[in-house]
Amino acid sequence: MNAMVLFFCTIIPLGDNMIKIDKSFFDIRTDRKNTNSVKYDMKPKRNAPENLIPMWVADMDFKVPPQVEEELVNAARHGIFGYSYTDEEYDSLVVSWYKTRFGWDIKPEWILKTPGVMFAIGSTIRALTDKNDSILIFEPVYYPFARITLGNNRNLVVSNLKLENHRYVIDFQDFEDKVARHKVKLLLLCSPHNPVGRVWTKEELLEIARICLKYGVVIVSDEIHSDFVYKGYRHIPIASLSEEISNSTITCTSPSKTFNIAGLQVSNIVIDNLDLRRKVWKACLQTGYSSLNTMAICATKAAYKHGHLWLDKLMDYLEDNVCLTQNVLGKKRDIALIRPEATYLVWLDLRNMNLDKDGLDAFFVDTLGLWLSNGSIFGESGTGFMRMDIATQKSILEEALHRIDMAVH
Ligand SMILES: Cc1ncc(COP(=O)(O)O)c(C=O)c1O
């Protein structure tokens, strides 16, 4: 494509305005304070300085694609917010997003719409397991996996990932031993993995599936971060690998991370197997839930219809941010950066600093004015690590990196 054509492709006509989607779009700062933002309006449990930069919870400081904003404004101006439902167009947009971006064929009737991935995982746990049944997770991992397992009185089985040459891998021997020993019923897989940023390869996914099929373990694959994969890597939905795997997998997808609409609470749960789908849906209905809210439906349709270009440009921006972070922190003797293959979350190995959990929080929040997620919340094996959300304007990231650069040897 020549430069002239490319230039026009990045211009979006909206009403009387022309909006350019390139790196400058993501450079625009929007004041998020006083918007009931978890990231900006909540305070860490410490004496946070005035100039605190929040880099903890996984949401982005970027505006949604302009067409999504416009559709939401139009919906708000309509002024009536009665009960809503998802129509055929909604399903076909979800189907076509996964076909276009991952070559994955799903059928409209496989999709359950739920108000969030964790809502769906909780319902799945209640639908497919009984009290004290075992559920396995690979730690360090998104901490609500452990919380929801224990909160539903299930037995939590942890298989720790192994850190080899700055890259995390699954300890398959340990995984299989624990599946067999604890008669594991469900695997909560995070793919790509938050917080360690791995994109599981086809070989790894096949091995996970082999073990799960052998022992009758249902795979719950949380693929909420699947749109954030960097150059050189490819996300493979585990259910796309074979009919047999598809038949025993529940895939949790969502536009919420991708398009920064987590506050609208939407996810699309893909279940090929009719029996599993019926059971999970029954557990969803038992909570009193029935349908997505109007704004979530509106934003999801607009995002999956118009969001491809915006997402491609966003990935270029995030890739630059990852490189910037690596350039600054990669030189530090006391910091080992685990370069993410996916996600906008950078996992920092700070064990050389010899600080305990509270010491790390105190150093980052009180001394540097940076609010990161403490690695210990993602499991024992995350102790000594911090997770940093870099989905922010370059100028903010530069300031954060400068503070670390000045303070850490
Ligand atoms: C792996 C993973 N799953 C689920 C969620 C939350 O999803 P939801 O808000 O749809 O429950 C997050 C949010 O950070 C996440 O990282």
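Student: What makes the four strands S13, S14, S17 and S16 an open sheet?

Tutor: In this predicted model, those strands lie in the order S13-S14-S17-S16, with antiparallel pairing. At the edges are strand S13 (336-338) and strand S16 (373-374), each of which pairs on one side only.

Student: How do you know that S14 and S17 count as paired strands?

Tutor: Two strands pair if at least two bridges are found between them. Strand S14 (residues 345-349) and strand S17 (residues 385-389) are joined by five bridges, so they count as paired by that cut-off, and they run antiparallel. As one example to look up, Leu-345 has Asp-389 in S17 as its bridge partner.

Student: Which strands pair with S9, and in what sense?

Tutor: S5 pairs with S9 in the parallel sense over four bridges. S9 also pairs in the parallel sense with strand S10 (residues 218-222), over five bridges. You can follow Leu-188 across both pairings: Ile-137 stands opposite Leu-188 in S9, and Leu-188 stands opposite Val-220 in S10.

Student: Why is S9 called largely enclosed?

Tutor: Seven of the seven residues of S9 are buried, so the strand is largely enclosed by the rest of the structure.

Student: Why is Pro-54 called buried?

Tutor: A residue is buried if 20 or more other C-beta atoms lie within 10 Å of its own. Pro-54 has 23 other C-beta atoms within 10 Å, so it is buried. This proline is found in strand S3 (residues 53-54). Leaving aside residues up to four places away in sequence, Pro-54 touches Lys-39, Tyr-40 and Trp-371.

Student: And why is Asn-132 called exposed?

Tutor: Exposed residues have 12 or fewer such neighbours. Asn-132 has 8 other C-beta atoms within 10 Å, so it is exposed. Its place is in the loop between helix H6 (117-128) and strand S5 (134-139). Asn-132 also has a phi near 70°, a positive value in a residue other than glycine.

Student: What makes Asn-165 count as exposed?

Tutor: The cut-off for exposed is 12 or fewer. Asn-165 has 5 C-beta neighbours inside 10 Å, so it counts as exposed. You will find Asn-165 in the loop between strand S7 (162-164) and strand S8 (167-169). Phi of Asn-165 is near 50°, again a positive value in a residue other than glycine.

Student: What does the domain assignment give for the chain?

Tutor: It gives domain 1 (7-65 + 308-407) and domain 2 (88-305). The contact between them takes 26 residues from domain 1 and 30 residues from domain 2. On the side of domain 1 that touches domain 2, helix H13 (308-329), S13 and S14 are the elements that give two or more residues. H13 supplies the largest share of that side, four residues. The residues on that side of domain 1 divide into 17 nonpolar, five polar and four charged. As for spacing, the C-alpha centres of domain 1 and domain 2 lie 25 Å apart.

Student: Which residues are closest to the ligand?

Tutor: The closest are Ala-58, Gly-116, Val-117, Met-118 and Tyr-142, and 13 residues surround the ligand. The shell around the ligand divides into seven nonpolar residues, five polar and one charged.

Student: How many helices and strands are in the chain, and why is the chain called as compact as a globular protein of its length?

Tutor: There are 15 helices and 17 strands. The chain's radius of gyration is 21 Å, close to the 22 Å that the globule rule gives for 409 residues, so the chain is as compact as a globular protein of that length. Along its principal axes, the C-alpha trace spans about 55 × 55 × 45 Å. Buried residues make up 41% of the 409 residues.

Key. Residues numbered from 1 in each chain as written. Predicted model: local features only at pLDDT ≥ 70, side-chain atom pairs only at ≥ 80, totals over all residues. Near = placed C-beta within 6 Å. Nonpolar A, V, L, I, M, F, W, Y, C, P; charged D, E, K, R; others polar. Domains from an automatic or database assignment. Contact = placed C-beta atoms within 7 Å. Rg over C-alpha atoms; globule rule 2.2 N^0.38 Å.
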